[in-house]
Every structure is written in structure tokens, then in C-alpha cells.
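Have the sequence and the 3D view open as you read.

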Amino acid sequence: METPKLAQKPTTITFIGAGNMARSLIVGLLQDQANVSLRVADPDQRQLDAIRQHWPTVFTSTDNSEAMQGADVVVLAVKPQVMGDVVKTLAEQAQRGRPLIISVAAGIREQALNAWLGGNMPIVRCMPNTPALVQAGATGLYANPQVSELQRSTAESILRAVGITLWFADEGKLDAVTAVSGSGPAYFFLVMEAMQAAAEQLGIRAEDAHLLVVQTAFGAAKLALESQDPPAELRRKVTSKGGTTEAALHVLNDGELTVLFGKALQAAEKRSCELAAANS
């Protein structure tokens with residue numbers, strides 16, 4: 001007779017901070033039916049009450065130490081400007097328990113986090129983006145040398161609950177990730193905003209213009225994700241010689257749209273570097 005296998009012990013994940021990113025990860029993990037035990041700590045009791053109302057199985061506390069007790073993973077999901085103060089209070093407990101630390105804060109280097117935590121801690125830095133709120137995010141990840149293969153896999157599983165993940169061996173590349181996907185949704189929102197305004201100028205009602213623009217953006221993104229062709233080829237396929245699309249693209253190219261995007265992403269990367277330096 002075969003010996004029954006023991007159920008794998010759930011991974012205990014503690015979120016420090018109950019904001020939008022923590023909530024999106026909670027939703028993704030619960031929808032994935034991941035074998036996890038979830039805890040959330042936040043000083044705002046109203047935030048915690050909202051979480052318990054929606055997800056009663058999630059443990060909540062206003063005490064970080066209580067929520068961290070016995071945690072396998074601690075997700076730092078607080079604002080960058082208060083990260084240092086918050087993390088320093090966790091150092092003693094983190095050194096005792098040695099959990100995997102995952103930071104989703106922009107502009108806070110691994111070196112600073114490790115120093116605040118007392119050193120030699122396994123840390124994964126993540127750069128997610130706001131579409132994670134609807135489980136359609138894109139996240140860049142960096143692991144320091146103290147992170148084991150199992151912890152690396154755990155971090156990836158957590159972030160994949162809200163979208164795709166990409167690992168980077170060089171932490172500095174997260175500044176470029178910030179410029180591309182971290183800030184990227186705003187670029188597309190700006191394009192949609194401009195297209196809707198132009199559609200309204202052509203006489204289309206605002207609500208109809210909004211629906212046409214947003215669905216077109218969604219369809220184009222879905223086609224780009226599912227097609228074997230790169231975006232340049234997809235653009236060529238929809239651009240008939242002498243047609244309407246070609247006429248529009250001529251105007252955009254005359255305005256040096258590609259050059260503008262290059263400058264925009266360079267500015268975002270530079271600012272990300274500056275913020276990281278200021279928080280070091």
C-alpha cells in the first residue's frame with residue numbers, strides 16, 4: 001500500500017503595507033489558489049478592515065512584528081519615502097527569522113535595504129507596474145547573492161500571480177525597466193487620451209470615442225502578444241500604400257515620434273537613477 005504524501009506546508013507571506021500593490025498580489029495569489037498563508041500589516045485600521053471584508057482568510061494586524069512572526073516571505077509594499085524608517089524597525093526580527101525580503105518600492109536599492117535590515121539578508125527587488133491591479137502587469141526582478149534558488153522561484157511565483165516576470169542579473173537594469181514598463185502605462189494612457197480628443201474633433205461622441213480608442217489599444221496589444229511578428233511587421237501589414245494608415249503615420253513620423261519616445265524613456269531612466277542615489 002502506498003504511503004500517503006503529506007500536504008506541503010503553506011508558504012507564509014507577510015505584506016508590510018496594505019496599499020494597491022499588496023491588494024493586487026493578494027487577489028492574484030488567491031485566484032491562483034496558491035498554497036499560501038497571507039498576512040497584512042498596516043497602521044491604517046480602515047485599510048485592514050477593507051481587506052478582511054473582501055478576503056476574510058487573510059490575517060491582518062497594525063503590528064508589523066506580529067504579522068512577521070514565522071513568515072517565509074516579507075513583501076515590503078510601503079511608499080519609498082518611508083521605507084527606511086519602516087525597514088529599520090524590522091531588522092532585528094528579520095535577522096532572527098531570515099525570511100525572503102521582496103521589495104516592490106521604486107528607487108530603493110538592494111544595498112540600502114540590506115543595510116537597514118542589518119546585512120546579509122536574501123532580498124529580491126521588483127519593479128511592477130499598475131496593470132498588476134488587474135492581473136496584467138509586467139515586473140522586472142533582481143535577486144541578490146543571498147537568495148536561494150527556492151526563494152527565487154517563490155518570488156517569481158508571487159509576482160507572476162499579477163502578470164509576467166523578467167529576471168535581470170544587473171540591478172541597474174531596473175532603472176530601465178522603470179522607464180519602459182514601470183512608467184509605461186502612462187505613455188499609453190497619454191496616447192489614448194490624445195486619440196480620443198482627436199476623435200471627438202472629428203465629430204464622434206465622447207463615450208463612443210473612448211470605447212473605440214480603448215478597445216483598439218486592447219486589441220493591438222493582444223495581437224502583438226499573440227502574434228509571432230514583431231510590432232514593426234504588424235505595423236507594415238496594416239499600412240496599405242497610399243491608404244489612410246499611411247497618411248496618419250506620415251504625420252507621426254514627421255513629428256519624430258520615435259525620437260520623442262527615446263528622449264522620454266531616457267529622462268525616466270535618469271530620474272529613476274537619481275531617486276535611487278538619493279535613497280542610498
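## A buried serine, then the rest

Let's start inside: Ser-103 has a relative accessible area of 0%, so this residue counts as buried. Ser-103 sits in strand β5, which covers residues 100–103. Its side chain reaches the backbone nitrogen of Ala-105 at 3.3 Å. If you skip the neighbours within four places in sequence, Ser-103 is in contact with Leu-76, Met-83, Leu-113, Val-124, Arg-125 and Cys-126.

Before going further, keep in mind that this is a predicted model. The average pLDDT over the chain is 94, and 98% of the residues score at least 70.

## The chain as a whole

How many helices and strands does the chain have? There are 12 helices and eight strands. Taken along the principal axes, the C-alpha atoms fill a box of roughly 70 × 50 × 45 Å. Of the 280 residues, 38% count as buried. Among the contacts with a separation of 6 or more, 61% are between residues 24 or more positions apart.

## Another buried residue

Thr-14 belongs to strand β1, residues 11–16. Is Thr-14 buried or exposed? Its relative accessibility is 0%, so Thr-14 counts as buried. A polar atom of the Thr-14 side chain lies 2.6 Å from the backbone oxygen of Ala-67. Beyond four places in sequence, the contacts of Thr-14 are Arg-39, Ala-67, Met-68, Ala-71, Val-73, Val-74 and Val-75. Ala-67 therefore turns up both in this list and as the partner of the Thr-14 side chain at 2.6 Å, with Thr-14 itself buried because its relative accessibility is 0%.

## Two helices side by side

Two packed helices are described by the angle between their axes and the distance between the axes. Helix α7 (residues 173–182) packs against helix α8 (residues 184–201) at an angle of about 30°, and their axes are 5 Å apart. Angles under 35 degrees count as roughly parallel, so α7 is roughly parallel to α8. On the α7 side, the contact is made by Ala-179, Val-180, Ser-181 and Gly-182; α8 brings in Gly-184, Pro-185 and Tyr-187. Sorted by class, that contact of α7 with α8 has four nonpolar residues, three polar ones and no charged ones.

Most residues other than glycine have a negative phi. What is the phi of Arg-98? It is positive, about 55°, although Arg-98 is not a glycine. Arg-98 is in the loop between α4 (80–97) and β5. With a relative accessible area of 32%, Arg-98 is partly exposed.

Gln-135 is another non-glycine residue with a positive phi, near 55°. You'll find Gln-135 in the loop between β6 (123–127) and β7 (137–143). At 25% relative accessibility, Gln-135 counts as partly exposed.

## Out towards the solvent side of the scale

Asp-254 lies in helix α11, residues 244–254, and counts as exposed because its relative accessibility is 67%. Pro-145 is in the loop between β7 and α6 (149–160), and is exposed too, with a relative accessible area of 73%.

Arg-236 has its place in helix α10, residues 231–238. Its relative accessible area is 47%, so Arg-236 is partly exposed. Which side chain does Arg-236 join through a polar contact? The partner is Glu-233, at 3.0 Å.

The table pairs each of these residues with another one along the chain.

| C-alpha pair | Apart along the chain | C-alpha separation |
|---|---|---|
| Asp-254 and Ile-26 | 228 residues | 46 Å |
| Arg-236 and Ile-16 | 220 residues | 47 Å |
| Pro-145 and Arg-46 | 99 residues | 38 Å |

Methods: Residues are numbered from 1 along each chain as its sequence is written. This is a predicted model: local features need pLDDT of at least 70, side-chain atom pairs count only at pLDDT 80 or more; totals for chains, interfaces and linings use all residues. Side-chain values use heavy atoms; hydrogens and water are left out. Axes are lines fitted to C-alpha atoms, for helices over the stretch in contact, and angles run from 0 to 180 degrees between N-to-C directions. Helices (H or I, at least four residues) and strands (E, at least two) are DSSP runs, numbered from the N terminus. Angles under 35 degrees count as roughly parallel, over 145 as roughly antiparallel, 65 to 115 as roughly perpendicular and the rest as oblique. Contact means heavy atoms within 4.5 Å. Ala, Val, Leu, Ile, Met, Phe, Trp, Tyr, Cys and Pro count as nonpolar, Asp, Glu, Lys and Arg as charged, and the others, Gly among them, as polar. Buried means under 20% relative accessible area, exposed over 50%, partly exposed in between (1.4 Å probe, protein chains only). A polar contact is a pair of N or O atoms within 3.5 Å; within protein, one must be able to donate a hydrogen and the other to accept it, and residues adjacent in sequence count only if both atoms are side-chain atoms. pLDDT is the predictor's confidence in each residue, from 0 to 100.
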